[in-house]
Amino acid sequence: MSNHSVEIRNLDLSFGAVNVLKDLNLDIHEGEFLVLLGSSGCGKSTLLNCIAGLLDVTDGQIFIKGKNVTWAEPSERGIGMVFQSYALYPQMTVEGNLSFGLKNARLPKDEIAKRVARAAEILQIEPLLKRKPGALSGGQRQRVAIGRALVRDVDVFLFDEPLSNLDAKLRADLRVELKRLHDQLKNTMIYVTHDQVEAMTLADRIAIMKGGQVMQLDSPANIYNKPRNKYVAGFIGSPAMNFIEGELAGGVFKAEGFEASLAEYDWATSAPADGPVTLGLRPEHILTEDQVDSGTLRTQVLADLVEPMGADTLVWSNLAGHPFRFRMDGQAVVKAGDMVPVGIDMSRASVFDVASELRL
């Protein structure tokens, strides 16, 4: 077998007449941090539950470490699960919660003590071992829940939106800790979230899901810079990518009131035929102030709404009859009603086919 940690082959899952996962294939490398990202109902948690063995698949196969586990019990799959809800035993101490599964597995006492001590050290929860979950904060409880998966000494960790119950600051803190944890353990981790910041910061690769299928599986940089289709382009990035409908004619993009050469654009295939296309421009790639002149195209737009964010300022406007958002420096002096010069660097744009919505 190859160095794949988890392999998913032609996976189908239906609940009655509803197909939740459709002919899904996925190879997850040994030691990889893979994030399943998508909006609610896209099938990401369902897929995780299939890997965990909590759901029986309708068709297809799942391999973990080269072993076909499609019909194996969750306990036989060599996985550790961390859920959104902490699911800790309230009557047991933290230490009790961490060691419970190991006692059931009849591990020797000294081995249990060793594993609990190691997990507590890695997660910095040693001072909490004698406390009960009721006396812990949300972040501490989630650490204990991660610790419970950690002590099992497994090949693959599965995380189902583990941070979504925490407040923003704690989420950012724990996100950094999870990244450190992965760097330290080097285990395969599969992580489900609808939060694109979590996905971009944690993942080695991201699988963006929609309607039970993987839209794109790639590194965060490629997904951000070269989205495979319009759905991925619009899903990643906050605020979302600007889309402008227009025509492609002889390597030039033409829309109402403006046209721009695509000479610097990196075509995914050979240069496509002329016809209707959608141009995608990220708000952070629009050039403003002293950068304007380095754009392929320079124009002026009317600032309609200005949102100061501190580090930067978000301006809402209109371009070629389409809503157009762009970022300016946080110190930029701009207010609603101003005409703002902008530059567009077409080498950083994305061009999509109108019919297939695929990147050209």
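Biologist: Is K186 buried or exposed?
Modeller: This is a predicted model, in which local features need pLDDT of at least 70, side-chain atom pairs count only at pLDDT 80 or more, and totals for chains, interfaces and linings use all residues. Residues are numbered from 1 along each chain as its sequence is written, and side-chain values use heavy atoms, with hydrogens and water left out. Buried means under 20% relative accessible area, exposed over 50%, and partly exposed in between (1.4 Å probe, protein chains only). The relative accessible area of K186 is 58%, so K186 is exposed.

Biologist: Where is K186 found?
Modeller: Helices (H or I, at least four residues) and strands (E, at least two) are DSSP runs, numbered from the N terminus. K186 has a positive phi of about 60 degrees although it is not a glycine. K186 is found in the loop between α5 (168–185) and β8.

Biologist: Where is E357, which also has a positive phi without being a glycine?
Modeller: Most residues other than glycine have a negative phi. E357 has a phi of about 65 degrees and, at 36% relative accessibility, counts as partly exposed. Its place is in the segment after β21 (350–353).

Biologist: Which peptide bond is cis?
Modeller: The proline concerned, P239, lies in the loop between α8 and β11 (242–249). Omega is near -5 degrees for the bond from S238 to P239.

Biologist: How many residues of helix α1 are buried?
Modeller: Helix α1 covers residues 44–52. Among its buried residues are L47, L48, C50 and I51.

Biologist: Is K44 buried or exposed?
Modeller: E161, the partner of K44 in the salt bridge, is buried at 11% relative accessibility. K44 has a relative accessibility of 5%, so K44 counts as buried.

Biologist: What is the N to O distance in the salt bridge of R143 and E177?
Modeller: R143 is buried, with a relative accessible area of 15%, whereas E177 is partly exposed at 22%. R143 is in helix α4 (residues 138–150) and E177 in helix α5, 34 residues apart. The N to O distance is 2.7 Å.

Biologist: Which side chain is joined to that of D195 by a polar contact?
Modeller: D195 lies in the loop between β8 (188–193) and α6, and at 16% relative accessibility it counts as buried. A polar contact is a pair of N or O atoms within 3.5 Å; within protein, one must be able to donate a hydrogen and the other to accept it, and residues adjacent in sequence count only if both atoms are side-chain atoms. The side chain of D195 reaches the backbone nitrogen of V197 at 2.8 Å. The side chain joined to that of D195, at 2.7 Å, belongs to R171.

Biologist: How is the chain divided, and what area is buried between domain 1 and domain 2?
Modeller: By an automatic or database domain assignment, domain 1 is 4–234 and domain 2 is 235–353. Buried area is the accessible area (1.4 Å probe) that two parts lose on being put together, summed over both. Carbon and sulfur atoms give 58% of the area between domain 1 and domain 2, which is about 1,400 Å².

Biologist: Which three residues supply 43% of the area that domain 1 buries against domain 2?
Modeller: No other three residues of domain 1 supply more of that area. They are Q196, Y224 and K230.

Biologist: Which residue forms a salt bridge with K226?
Modeller: The count between domain 1 and domain 2 is 2 salt bridges. K226 is partly exposed, with a relative accessible area of 37%. Its closest N and O atoms to the partner are 2.4 Å apart, and the partner is D266.

Terms used:
Salt bridge = Lys/Arg side-chain N within 4 Å of Asp/Glu carboxyl O.
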